[in-house]
Amino acid sequence: MTTSTENVVLHVADVHKTFGGLHALSDIDLQIEEGKTHAIIGPNGAGKSTLLNVVVGRLAPTRGAVVFDGKVLTGKQPHEINQVGVARVFQTPEIFPDLSVLQNVMAPAFAKRDGSFKLNFLSSLDDEHQIRKEAEEMLEDIGLSEQKLMKAGSLSRGDKRRMELAMCLMQHPKLLLLDEPTAGMSRHDTNTTIELLKKIKERGMTKVIIEHDMHVVFSLADKISVLAGGRIIAEGTPEEVRNNPKVQEAYLGGAH
Amino acid sequence: MNFQGIFSMSRKDLTTLVIFSIVVLALPIWLQPFGAAYPDLMQKFAIFGILAIGFNILFGLTGYLSFGHAAFLGVGSYTAVWTFKLFSMNPIPALIFAVILSGLFALLIGYVSLRRSGIYFSILTLAFAQMSYNLAYSVLTPITNGETGLQLEAGDPRVLDSMFVAEEAGLPVSNFFGIEMSGIPGFYFCAIFLILGFFITQRIFASPFGMMLRGIKSNQTRMNYTGFNTRPYTLTAFVISGMYAGLAGGLMAVTDPLAGAERMQWTASGEIVLMTILGGVGTLVGPVIGAWLIKYFENIFSSFNESVLHNLFGFLPDGVEGFVVELTSMFVGEGWHLTLGLVFVLVVTFLPGGMMEGYRRITTLFTGGGGDGDKKAKADDTQTQPAE
Amino acid sequence: MDAIFLQFLNGLDKGGAYALIALGLTLVFGTLGVVNFAHGALFMLGAFCAVTLRKILTMQKVVLDEENLTAWGTPTEIRTTYVETWFGDFGTQLVNYSVPLAILLAIPVMLVVGVVMERGLIKHFYRRPHAEQILVTFGLAIVLQEIIKHYFGANPIPQPMPSNLAGAADIGVMMGMDPNIIVYPWWRLVYFAFSVIVIGAVFAFLQFTTFGMVVRAGMADRETVGLIGIDIDKRFTAMFGLAAVVAGVAGVMYTPLLPPDYHLGMDFLVLTFVVVVVGGMGSLPGAVLAGFMLGILQSFASMTEIKAIIPGIDQIIIYLVAVIILLVRPRGLLGRKGVMES
């Protein structure tokens, strides 16, 4: 793979976001290349989650645009953005607590196959062998097979996060956005998740990760952008970022 | 998907359907010991059963609480009576028109109301239902016949009937190719629609569509970020549910060709909600059980009067008897609604899952309390699982 | 012009009732986060406080006069009310002023009803879904109205207003117009003035007392107030009692305008909900503004000229406004951004 701009799959172009008088994001220009894992790091309140919310359509940018795969995402509904191939894992897991684990994992596959709406109210879930098989394999992969008939709401927090990741993966998205995918996980679960994410990388899925845990960032990221005060203050390979004095001052210096 | 797919059911669903059908068709037999086996009441059982399972498709699956469902019931009734008046006393065209028109009406109201959720949705549906009710009583009197209610008249054209059958003296009775739709035949006619309605609900519950509706109730945000456009889903559920109510309203007119605006009042909507809650929201048979219980006890309680009570408590000493009779008389006869209100409060407070939850709790209690936590953690396995 | 002014006046008393009920509904929603479908029943209970007081005041002693026989040959009954026997002319005045006097009865009664309702039932629903709050309070409303029906029957019970306020005021003359152009019943003016005073009192109470300050802070941000360590629960119970009292006295004073029956509460509740939604859920000034606005709007819609253009508009105007507001500006006229907007 080359690193020419032709491979840019997500372009956050000159995005500003203000809340009242507060500048949450200024002059954000990000180019994410296909198949790469791009980490966004920064101290608390740097605007990381706001940036992610702008990308998935939860927030409208005050200025600027988000272009994905040649399509402008700005102004689109969250479900339309998902339908073009963007999936998101949330900081606090957004799952279907009242459905079984298996159903949680099956549902996204329907959205992928049937689009945003299909009137299939007389067909039976039992006949969806293909989707069910995929879902069971996925649960096998993330080690939740045993719990597949449990109500998802009764899973542990770590399991919920892994299940949410599995839900996104069921859609084979072109772009996967992860908001602190390992926060609150045990070291063991964190490592399992890193392995899982590495495996996806081999499949060529583009990922944007927001993460606090430097261990996770440096084991996964191809490229890192450092956000502070709503601006990108540095960008580069993990090695470059690690050695950037500005970053050390703003962020890493305090953390390590 | 394909024609075969429609009839392929899991064994569990099939068993439920068969048992349900037997229970419904055998109502005239097993209601005997309860003294409730007369046709009028059984017709109500079937009609309100349809109403409740239809309401449950909306409230039970999507969690959207409509406080205006009685409006669709009213539209169904008016449409059916008009069909009788204009075309034929055969119930089939009347029901077809009732379902179509209430469906269209639901489409209109749902399209607007579903732009909001939560209590705003409830208040919007309430506002629409009140508007319909007020209009039915005032400007729409030419269509609804206002307070008197819409009735059959000797001079009605009945275009189709007059082509085939000679005009008889007196008011005609709705008849299904010669079978009069009153009494036991009337009940069986309604019962068949109840079973059909139940079957369709089963299909919805077991379909991907049903799962999406549950997803909306469980977490609408996740639905959106998973790529689902939730509004067409809720709108479809709303329309289907409105059509069930229209069917129920139509059947009311079939068994008794009369339609009044009070059928659309919001207290009537409240009763539909109560039936569903009492039986068990979101379960398949719960709403039917709720509807039956309420109609059964309504029948019993409202027939009680002081003399019945005096007989009942005659064994008590005089002073005590008077007191007990006075106290209980509050809850029976005219006071039936007080009982209803109390049951409502108690069920919502202590058993929001209704009778079905009560049943589950009791069975858990008897099958060993040790596995309690486990059982609760399991997904609600009434039809919700893609079973083997 | 005169006709328009008259319709404006006609809307004021109804608007006052809407505003008073909506005020309590909003207080309860704003502080406790509960959607109270039983709030209309409180208005109805207040109205029946007036009925009860009048019943008590007009209890009669019956004396049989064996000397004078009626046409049927039975002794003539001489009926005198106890209060008149005991207090003479003052007693007669008591009966005459039974409606305003009933406020004194309604305040303690409604306070108790409100507090019992909140402590006994509603507090268990703070953390439960809105749907369940709606359902349980709906059930409670049925219970309350059926109890009233049991004791007072199903028919409306007219309540006379004090005799010296029974007539109508010729407002046209006061404004220098010819007589009989703008004639407006005194009691409606009284009701309007009464509602303005009560609304003013509630706002003053919330504005100038520490209690009110805490409640307002709680409405804005419940968690923060809890964090400061103020026991807001107790105050919120009192708040519920206050809302019940406001609804109750509103009901008392309304009885001469509309004979109360057991479903009076339900009739007003649906309209009041609409008022609250239009005003903005959780906004007190919004509730008052929308209450008067919709009362006046309803009065205009019932003008023959308007009805000739759009038949039936008087029946649906309020709901229509609500639908439009909810769709165009879901937070309502004066609602805060983000409150229940999803």
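## Three chains, two contacts

Of the 2 pairs of chains in contact, A and B share the most contacts. This is a predicted model, so read what follows as computed from that prediction. Chains A and C have no contact joining them, and their closest C-alpha atoms are 13 Å apart. Chain B, on the other hand, touches chain A and is also touched by chain C.

**Where chain B meets chain A**

- On this interface, 36 residues of chain B are in contact with 37 residues of chain A.
- Five helices of chain B each put at least two residues into the side that touches chain A: helix 1 (3–7), helix 10 (183–206), helix 11 (208–218), helix 12 (220–225) and helix 13 (230–255).
- Helix 11 of chain B gives the most to that side, with 8 residues.
- Sorted by class, the side of chain B that touches chain A splits into 15 nonpolar, 16 polar and 5 charged residues.

**Where chain C meets chain B**

- Here 32 residues of chain C are in contact with 35 residues of chain B.
- The elements giving two or more residues to the chain C side are helix 6 (130–152), helix 12 (264–279) and helix 15 (313–328) of chain C.
- Helix 6 of chain C brings the largest share of the side that touches chain B, at 14 residues.
- By class, the side of chain C that touches chain B has 23 nonpolar, 7 polar and 2 charged residues.

- Chain A is divided into domain 1, built from 1–85 plus 173–256, and domain 2, which runs over 99–172.
- Taken over C-alpha atoms, the centres of domain 1 and domain 2 of chain A are 26 Å apart.
- Between these domains of chain A, 13 residues of domain 1 are in contact with 13 residues of domain 2.
- On the domain 1 side, helix 2 (78–83) and helix 6 (187–202) of chain A are the elements that give two or more residues.
- Helix 6 of chain A supplies the largest share of that domain 1 side, 4 residues.
- The side of domain 1 of chain A that touches domain 2 has 6 nonpolar, 6 polar and 1 charged residues.
- Elsewhere in chain A, helix 1 (residues 48–55) is mostly covered, with 7 of its 8 residues buried.
- The buried residues in helix 1 of chain A are A:K48, A:T50, A:L51, A:L52, A:N53, A:V54 and A:V55.
- After helix 1 of chain A comes A:G57, which has a positive phi, near 90°.

- An unreviewed UniProt entry gives "transmembrane region" for residues 17–38, 45–72, 92–112, 119–140, 186–213, 233–252, 272–293 and 336–355 of chain B.
- In the model, residues 92–112 of chain B are 100% helix and 0% strand, and the end C-alpha atoms of this span are 31 Å apart.
- Residues 233–252 of chain B likewise come out at 100% helix and 0% strand, with end C-alpha atoms 29 Å apart.
- B:V159 sits in helix 9 (residues 159–164) of chain B.
- With 10 other C-beta atoms within 10 Å, B:V159 counts as exposed, because the cut-off for exposed is 12 or fewer.
- Leaving out residues up to four places away in sequence, B:V159 touches B:L86 and B:F87.
- The C-alpha atoms of B:V159 and B:F84 are separated by 9.6 Å, although these residues are 75 residues apart along the chain.

**Chain C: overall fold and annotated spans**

- Chain C has 15 helices and 4 strands.
- Its C-alpha atoms fill a box of roughly 75 × 50 × 35 Å along the principal axes.
- Buried residues account for 47% of the 342 residues in chain C.
- Among the contacts in chain C with a separation of 6 or more, 74% are between residues 24 or more positions apart.
- For chain C, UniProt (unreviewed entry) lists "transmembrane region" at residues 15–34, 97–122, 189–215, 236–256, 268–296 and 308–328.
- Residues 236–256 of chain C are 90% helix and 0% strand, and the end C-alpha atoms are 32 Å apart.
- Residues 308–328 of chain C are 86% helix and 0% strand, and here the end C-alpha atoms lie 28 Å apart.

Key
Residues numbered from 1 in each chain as written. Chains lettered and ligands numbered in written order. Predicted model: local features only at pLDDT ≥ 70, side-chain atom pairs only at ≥ 80, totals over all residues. Domains from an automatic or database assignment. Contact = placed C-beta atoms within 7 Å. Nonpolar A, V, L, I, M, F, W, Y, C, P; charged D, E, K, R; others polar. Buried ≥ 20, exposed ≤ 12 C-beta atoms within 10 Å, placed from the backbone. UniProt positions renumbered as here; feature names shortened; annotations may be inferred.
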